[in-house]
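I opened the model and kept a running notebook. The entries below follow the order in which I looked things up.

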Amino acid sequence: MDRNQIMEWLAAVEHPGKGDKSIVELGMVESVGADGNKVSVTLAFPKRPDPLKQYLIGAVKAAIYRNAPQYVEVEVTSVVKEPAKAAPQKPELTLKELTGVRHIIGVASGKGGVGKSTVAVNLAVALARLGYKVGLSDADVYGPSIPIMTGTEGAVPEAEKEDGQDVLFPVEKFGVKWMSIGYFAQSEQALIWRGPMACSALKQMILQVRWGDLDFLLIDMPPGTGDIHISLVQEIPMEAAIIVTTPQDVALADVEKGVDMFRNPSIARRILGLVENMAWFTPAELPENKYFIFGRDGGLRMAERFDIPLLGQIPIVQSIREDGDAGTPAATGSGPDAVCFLELAQKVAETI
Ligand code: ADP
């Protein structure tokens, strides 16, 4: 087998942590060889541990098996060596599109299902109602829900080429500029956005968008505190984070992980505060009644324990879910739930 042929296949293997440059372009392919039914590839990794090493080894194997299934054995070894520098071909993602944005705030949660996206969408709408210029990027690649919650599913963001790079235009509705990976992937495809691929895709959802002048750009972060979050926070000039939680004691450990992540010296971002979602239940027919079904003041205790402000408390109201499903966020209305989000927005604006 021709070595050049193998190099050609390897050129299609991209390093998602390095602006999707090919491993060939990055000078990481130390040697290739083919002998009988076996292909051997040696990859060079720098001294600094590359968290994507295993992923790249797998991707190299996959590229060879895909192109030449006749090779029953593919061996990939790695050596520690600073890869040879090669001239970059693809333009790097830059922070250019964020220059008109005053405050970038991540909306995070320790785990899924606490209402992080609901809070992010309603906070965005509420800030816009207060007169601020607002954008929201849905970086929750595991379950992009912003298109449904805002009734913009099916929207196709316009794109323009600039300096060899696609620039995307956000979808505007309720006075907010929205961008979501959900506009590009069908719901059944969303599942494939995992690991490193997800990481680079979601950076594009923030960095390659023509946001224009904004007072606030909210980033609906994926739930949890894994590698994606660290990479995202490090590479985006995120000024602060809001952590969404439910009042139960079991949520404490998750909030702690989130707080630890943002306070870790390698990230060191301000935690603007905590939002306690599902703080109590209020039935529509008894708007004055509060039922503390997940316990009382859990959010307040958490905020005190971690020494961060409690920015707001949002009740469980059936209409919040219904409005989310219907694509008209509760904060667009005039009910008590809308008022909660407007108060939250006011508090966020004051705190920052
Ligand atoms: P996450 O982003 O944390 O995974 P979501 O925002 O998608 O959570 O919310 C999960 C579900 O809970 C959705 O169906 C949403 O409509 C519902 N929900 C969230 N917050 C509330 C609330 N305060 N009252 C009623 N339903 C809510």
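**Helix α7**

I started with α7, residues 252-263. Helices here are DSSP runs of H or I of at least four residues, strands are runs of E of at least two, and both are numbered from the N terminus. Helix α7 has twelve residues and reaches 16 Å from its first C-alpha to its last, close to the 16 Å expected at 1.5 Å a residue. The expected span is 1.5 Å times one less than the number of residues.

Before going on, I noted that this is a predicted model, with residues numbered from 1 along each chain as its sequence is written. Local features need pLDDT of at least 70 and side-chain atom pairs count only at pLDDT 80 or more, while totals for chains, interfaces and linings use all residues; side-chain values use heavy atoms, with hydrogens and water left out.

Which residues of α7 are buried? I listed Asp254, Val255, Gly258, Val259, Met261 and Phe262. Buried means under 20% relative accessible area, exposed over 50%, partly exposed in between, with a 1.4 Å probe and protein chains only.

What do the buried residues of α7 pack against? I found β6 (101-109), α6 (227-235), β13 (240-245), β14 (270-281) and α8 (298-306). Contact means heavy atoms within 4.5 Å.

**The eight-stranded sheet**

Next I traced the open sheet of eight strands. Its order is β10-β11-β7-β12-β6-β13-β14-β15, with mixed pairing. Two strands pair if DSSP finds at least two bridges between them. β10 (171-173) and β15 stand at the edges with a single partner strand each, so one side of each has no neighbour in the sheet. The twist averages 25 degrees from one strand to the next. Axes are lines fitted to C-alpha atoms, for helices over the stretch in contact, and angles run from 0 to 180 degrees between N-to-C directions.

I then checked β6 and β12 (residues 214-220): they run parallel and are joined by six bridges. Glycine 106 has isoleucine 219 in β12 as its bridge partner. Helix α8 packs on this sheet and touches β13, β14 and β15. The direction of α8 makes about 160 degrees with that of β14.

**Strand β15**

Is β15 enclosed or open? Five of the seven residues of β15 (310-316) are buried, so the strand is largely enclosed by the rest of the structure. β14 and β15 pair in the parallel sense over five bridges. Valine 275 has glycine 312 in β15 as its bridge partner. The chain crosses from β14 through α8 to β15, and this β-α-β crossover is right-handed. That term applies if, with the strands pointing away from the viewer, the path from the first strand over the helix to the second runs clockwise.

I picked out proline 315 in β15. Proline 315 counts as buried at 7% relative accessibility. Leaving aside neighbours within four places in sequence, proline 315 is in contact with Asn277, Met278, Ala279, Trp280, Thr282, Ile320 and Cys340.

Leucine 136 is in strand β7 (residues 134-138). I read its relative accessible area as 0%, which is buried. Not counting residues up to four places away in sequence, its contacts include Ala120, Val121, Ala124, Trp178 and Trp211.

I turned to α3, residues 116-129. Its end C-alpha atoms are 20 Å apart, in agreement with the 20 Å that its 14 residues should span. 13 of the 14 residues are buried, so α3 is largely enclosed by the rest of the structure. Just after α3, glycine 131 takes a positive phi of about 105 degrees.

**The three-stranded sheet**

Last, I looked at the open sheet with the order β3-β4-β5 and mixed pairing. The edge strands are β3 (29-35) and β5 (73-80), each pairing on one side only. The twist averages 15 degrees from one strand to the next. Helix α1 (residues 3-10) packs on the sheet and touches β3 and β4.
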